[in-house]
Amino acid sequence: MRFKGSTIFVTGGAGFIGSAVVRHLLRDTHARVVNIDKLTYAANLNSLPDAVGNPHYAFEQTCIREGSALRKLFDKYQPDAVMNLAAESHVDRSIDGPGEFIQTNIVGTFMLLQESLRHWTGLSAEKRAQFRFLHISTDEVFGSLGDEGFFTETTAYAPNSPYSASKASSDHLVRAWRETYGLPTLVTNCSNNYGPYQFPEKLIPHVIIKGLADEPLPVYGDGQNIRDWLYVEDHAKALTLVLENGLVGETYNVGGRNERTNLHVVEGICDLLDEFSPSPAGPRRNLISFVADRPGHDRRYAIDASKVERELGWQAQEHFESGIEKTVRWYLDHQPWWREILNGGYAAARVGLNR
Ligand code: NAD
Ligand code: DAU
């Protein structure tokens, strides 16, 4: 009977991870879910095929920077918890246009904290004790690792991109609202997610879609940058566990123990595409093209997830090799989902070169 009688606000619930959280909550728990999303370019309500008509689901098209609009939602739904996933999330876009990242990731989080605090302050003592604000952040706040070591919950913050600096700022605001006002907050920092319904600007869906079209596959720099891949449905389960059983004031690192170089990831996708959808043009590996590096490109991320594993009993179910196969198959089987994005004007062109 998980979350029976609870109302949970999920901000950014039409995005990649937010939609996985909404699908998981509706499928596996008894929560009433209110999806609060502005519907930016990255949003897609088609990522929630079973939500419409579900009596446990409501959608509100609202921007988290709008305090008065948020206040109406708190008054209307009286939530027991907030999961904050609304954000500008793409590093390359933050290089060309950092303003939206400052506004949504920092100012938006500030507004959400203020309205959560106002709501929380007005609750009964019992409800106040149960209320939770879970802020979803990233391992990019820790900066870049060398060849050795892992990010832990005590690693110092050292963000390098406008995106990660904006996320780091929001994490600090969340911490301050707990220390200063007592709002019961928790923070998670996770590694690179992949899986169904990811907007095709991110490496994995970008390469799948370009590869299917026999177009060049851009690998930034030497392709030896390392990311630590986490299957999105494993992440969604970790988040609801943290919400349910995490200790207020704690941070939890979430990662899949799947470090891979970008080149390894791209080559693996090429081989899967060749297997599932061979091209008359020949092997996809021939399409790999080394292109100009991302400015400020972090070299390596790797998460030590032992705290969330040990204290909350979470374990990633998906290994990278099984998860990437499922993901490639998903993009092959759900072409209308991503073709609508391409037909809607997304050009899949290189951005973030600071030119
Ligand atoms: P996404 O870009 O796919 O989706 C973001 C969603 O937020 C979209 O639906 C968008 O419409 C919504 N949104 C943006 N601005 C908004 C605003 N002002 N008000 C209301 N809604 C707004 O992002 P994602 O990949 O699902 O990431 C979700 C969260 O997880 C982000 O906070 C991100 O920083 C974090 N994160 C992502 C990853 C990853 O690999 N994708 C890894 C670590 C952390
Ligand atoms: O680590 C968590 C972060 O992971 C999240 O906080 C971000 O929201 C999310 O976007 C992701 O950031 P990255 O920058 O790591 O993801 P991206 O998919 O943009 O790039 C992954 C790696 O692949 C990175 O080293 C850059 C490289 N890359 C990316 C693209 C789009 C390429 O080589 N070619 C590409 O075309």
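Reader: How many positive and negative side chains does the protein have, and how far apart do the centres of the two sets lie? After that, please focus on the largest nonpolar core.

Author: Happy to! This is a predicted model, where local features need pLDDT of at least 70 and side-chain atom pairs pLDDT 80 or more, while totals for chains, interfaces and linings use all residues. Residues are numbered from 1 along each chain as written, chains are lettered from A and ligands numbered from 1 in written order, and side-chain values use heavy atoms, without hydrogens or water.

There are 36 positive and 44 negative side chains, with their centres 5 Å apart. Lys and Arg count as positive, Asp and Glu as negative, leaving out His and chain ends; the charges are placed at NZ, CZ, CG and CD, respectively.

Now inward: 56% of the 355 residues are buried, meaning under 20% relative accessible area with a 1.4 Å probe, protein chains only. A nonpolar core joins buried Ala, Val, Leu, Ile, Met, Phe, Trp, Tyr and Cys through side-chain atoms within 4.5 Å. The largest has 37 residues, and Ile8, Val10, Val21, Leu25 and Met83 touch the most other members. Elements supplying at least two residues each include β1 (7–11), α1 (16–28) and β4 (81–84); helices (H or I, at least four residues) and strands (E, at least two) are DSSP runs numbered from the N terminus.

Skipping residues up to four places away in sequence, Val21 touches Val10, Met83, Leu85, Ala236 and Leu239, with contact meaning heavy atoms within 4.5 Å. A second, separate core of 32 residues includes Tyr194, Val265, Ile288 and Ile341.

Conventions:
Buried < 20%, exposed > 50% of the residue type's maximum accessible area, 1.4 Å probe, protein only.
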